[in-house]
Amino acid sequence: MTCVRVMRVRAIVLACVITLAFPCSTFSSFGEFTIRDELELARKFDLVIETRFPVIQDTRITGYVESLVDRLVAAMPPQPFPIKTTVVRNVALNAFASAAGHITIFTGLIANMDSEDELASVIAHELAHVSERHIAKSIEKSQLVGAGSLLGILAGVLVGSQGGGDGGGALVLGSVAGAKAMQLKYTRENEKDADQYGLGYLVDAGFSPSGMTSAFNKIRKLQWLGGGGDVPSYLSTHPGMDDRVVYIQERIARLPLNVRERSSDNASFERVKLLVQAWYTDPGTAKAIFTSAEKSTCPVVLGEAIALSRLHQIEAAKARFEDALACNPLDPLWMREYGRFAFEYGNLETAVKYLQEVVLRDPSDLFALFFYARAVAEQGNHAASVSAMERVLKAVPRDAEVLEYLARYQAAMGRAFEAHLNFAKSFAYKRKFSKYDFHMQKSEVLAQSAPQQEQLRAVREEVAEFREILGI
């Protein structure tokens, strides 16, 4: 599952194949970039993200971020499309808005913020770009940027950060879109509007306005969001930070005292930050974060245990997990992490006991459900494993690892048609198309009913579009 692995990508190659997949624009070469155009671009961009990048699927993280977005969206005017949020594993302290109301949050942003108000303020700023349709207006202004070039540019903000340094710039220069890339950027007026509207959304949603100035000061200090760092300058959304912080401070000073003195309950934020730091930073860095903490609280002990398990320091991790569970024995998060550790190091009975309890308490926890499915399969209960893994797949239908495990368990139950079909999809999203072809041929031989023929057709169309986007 993507939440438990690091996916490595080659920035320049990916940008080129995305661009070459659409040599001619599927949008108007001149004139209006419509809502329909924007939705189609966003749909294709989602396919690129879901199958090429380390998207976080832990619902304890994504659910929390989505709850902040929902609060802010409720304070916005009605939008022509639903807001979609994706959390991506990336150390950069950033978030960005792309087409059709899609917001991408980097784990580095969560890891480096100190409060819910700070995190919400950056999201509010990006949502303001959405409400004002700044991306669409920038695309209209650029005119000659086609669908493939746009996909390459948008993908670049993620891919360029994977390799560190100035990979983002290299990606754009290496693509056909290079000459037009610099036109796809926010103006200072766009930024001022996003600050102004974003602050309004933040306040109306009940957050503290001071979160915006403290977040932007962190961003300015770390020099991530000013066209520097690993974020490509053509989609850097935050130039002129010094002037903007002063402007925001002046606006906040005019708000009522009771609004200025608001503070949020950071309990949920701290739990999510714990998971991000423990799971999605370098394991050595994660260990240092938790071992150097001033107090050995329950969350700190759990964070250290997770970091030690990632470093394969098994005995030390086991001791810290036992300490963590003794400290907080009834919390589903603590139980989940202990169950996951028990499974990975061979204690199936303990793993099933704890993971099953978590799944019963919180059926939406995909992380727990994924490991529960694997644990019961190891015990030989393939019916339960298939049922659980199908629930995971419904939430993440293009996850190659989930598809592969489900196929294995279906094969063990004698469900050959479904197994070959899911193996085919898994290999397609791993870009192993010879193996995809092999399993599709097996599925075609086994398909007997009209519903099975329809499933085959749907998979062919889905994979054909994926190959078209990648130019394969």
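Is cysteine 327 buried, partly exposed or exposed, and what is its relative accessibility? Cysteine 327 counts as partly exposed, at 38% relative accessibility. Here buried means under 20% relative accessible area, exposed means over 50%, and partly exposed lies in between, with a 1.4 Å probe and protein chains only.

This is a predicted model, in which local features need pLDDT of at least 70, side-chain atom pairs count only at pLDDT 80 or more, and totals for chains, interfaces and linings use all residues. Residues are numbered from 1 along each chain as its sequence is written, and side-chain values use heavy atoms, with hydrogens and water left out.

**The disulfide**

A disulfide is a pair of cysteine sulfur atoms within 2.5 Å. That rule gives a count of one. Cysteine 298 is joined to cysteine 327, with an S to S distance of 1.5 Å. Cysteine 298 sits in helix H16 (residues 298–310) and cysteine 327 in helix H17 (residues 314–327), so the bond ties together parts 29 residues apart in sequence. Helices are DSSP runs of H or I with at least four residues, numbered from the N terminus. The torsion about the S-S bond is about -80 degrees, so this disulfide is left-handed. Cysteine 298 is buried, at a relative accessible area of 16%.

**Salt bridges**

Side chains of opposite charge can pair when their charged atoms come close. A salt bridge is counted when a side-chain nitrogen of Lys or Arg lies within 4 Å of a carboxyl oxygen of Asp or Glu. The structure holds 29 of them.

| Aspartate 365 | Arginine 60 | 2.8 Å |

Take aspartate 365 and arginine 60, which form a salt bridge. Aspartate 365 lies in the loop between helix H19 (348–361) and helix H20 (366–378), and arginine 60 in helix H3 (residues 59–74), so the pair ties together parts 305 residues apart in sequence. Aspartate 365 is buried, at 0% relative accessible area. Arginine 60 is buried too, at 19%.

Glutamate 322 and lysine 318 both lie in helix H17, four residues apart, about one turn of the helix. An α-helix has 3.6 residues a turn, so residues three or four places apart point the same way. Glutamate 322 is partly exposed, with a relative accessible area of 36%. Lysine 318 is also partly exposed, at 36%.

Lysine 430 is partly exposed, at 27%. Glutamate 404 is buried, at 17%.

A network of salt bridges links Asp58, Arg60, Arg336, Glu337, Arg340, Glu344, Asp362 and Asp365.

Arginine 340 counts as buried, at 1% relative accessibility. Contact means heavy atoms within 4.5 Å. Beyond neighbours within four places in sequence, arginine 340 is in contact with Trp279, Ile306, Ser309, Phe321, Leu355, Phe367 and Phe371.

Tyrosine 345 is in the loop between H18 and H19. Tyrosine 345 is partly exposed, at 32% relative accessible area. Not counting residues up to four places away in sequence, tyrosine 345 touches Ser309, His312 and Ile314.

**Helix H11**

The expected span of a helix is 1.5 Å times one less than its number of residues. Helix H11 (residues 210–222) has 13 residues and should span 18 Å; its end C-alpha atoms are 19 Å apart, which agrees. Its buried residues are Gly211, Met212, Thr213, Ala215, Phe216, Lys218 and Ile219. These pack against helix H4 (107–112), helix H5 (116–131), helix H10 (188–204) and helix H12 (241–253).

How values were computed:
Helices (H or I, at least four residues) and strands (E, at least two) are DSSP runs, numbered from the N terminus.
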